[in-house]
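Below is a short briefing on one model. Read it alongside the sequence and the coordinates.

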Amino acid sequence: MLTKKVLTLQGHEVRAWRILMAIPEHEIHHRGQISTYLQMNKIEPPQIFGLKIEQVKTV
C-alpha cells in the first residue's frame, strides 16, 4: 500500500509513503513557528517531551 501511487490535491502522482512523511514534517514546521513567536514575545514554549537539556542531572 505504501508504494501505491496516489494523486495529490494538485493532481500530481506520488507514492503514498511520501504523503505520510509530509504529515509530521508539516506539524514540526508549525511547532517551530509557534515556538519562535512565543520566544519573540518573551514567553517560554512548553516542553512536549519531558525535560530540557539543562534540567538533566549529570552523574
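**Leu38 and the helix end**

At 23% relative accessibility, Leu38 counts as partly exposed; the classes are buried under 20% relative accessible area, exposed over 50%, and partly exposed in between, with a 1.4 Å probe and protein chains only. Leu38 sits in helix 1. The model is predicted: local features need pLDDT of at least 70, side-chain atom pairs count only at pLDDT 80 or more, and totals for chains, interfaces and linings use all residues. Residues are numbered from 1 along each chain as its sequence is written, and side-chain values use heavy atoms, with hydrogens and water left out.

- Leu38 touches Ile43, Pro45 and Pro46, setting aside residues up to four places away in sequence; contact means heavy atoms within 4.5 Å.
- Lys42 belongs to the segment after helix 1 (16-40).
- Just after helix 1, Lys42 adopts a positive phi of about 60°. Lys42 is a residue other than glycine.
- Lys42 is exposed, because its relative accessible area is 78%.

**Overall layout**

- The protein has 1 helix and 2 strands. Helices (H or I, at least four residues) and strands (E, at least two) are DSSP runs, numbered from the N terminus.
- From the N terminus on, the order of elements is β-β-α.
- The radius of gyration of the protein is 18 Å, well over the 10 Å that the globule rule gives for 59 residues, so the protein is more spread out than a compact globule. This radius is taken over C-alpha atoms, and the rule is 2.2 Å times the number of residues to the power 0.38.
- Along its principal axes, the C-alpha trace spans about 50 × 35 × 10 Å.
- Of the 59 residues in the protein, 7% are buried.
- The protein exposes about 5,900 Å², and carbon and sulfur atoms supply 63% of that area. Accessible areas come from the Shrake-Rupley method with a 1.4 Å probe; for residues, only the protein chains shown count as cover.

**Helix 1**

- Helix 1 has 25 residues, which should span 36 Å at 1.5 Å a residue. The expected span is 1.5 Å times one less than the number of residues.
- The end C-alpha atoms of helix 1 are 37 Å apart, which agrees with that expectation.
- Met21 is placed in helix 1. Met21 is exposed, because its relative accessible area is 52%.

**Nonpolar surface patch**

- Leu2, Trp17, Ile19, Leu20, Met21 and Ile23 make a nonpolar surface patch of about 580 Å².
- Patches are made of residues with over 30% relative accessible area and no salt bridge; like charges are joined within 9 Å, and nonpolar side chains (Val, Leu, Ile, Met, Phe, Trp, Tyr) within 5 Å.
- A salt bridge is a side-chain nitrogen of Lys or Arg within 4 Å of a carboxyl oxygen of Asp or Glu.

**The loop between the strands**

- Thr8 lies in the loop between strand 1 (5-7) and strand 2 (13-15).
- Thr8 counts as buried, because its relative accessibility is 18%.
- Thr8 touches Val14 and Ile19, leaving aside residues up to four places away in sequence.
- Leu9 is also found in the loop between strand 1 and strand 2. Leu9 is exposed, because its relative accessible area is 87%.

- Leu9 and Ile48 are 39 residues apart along the chain, and 31 Å separates their C-alpha atoms.
- Thr58 is in the segment after helix 1. Thr58 counts as exposed, because its relative accessibility is 76%.
- Thr58 and His30 are 28 residues apart along the chain, and 32 Å separates their C-alpha atoms.
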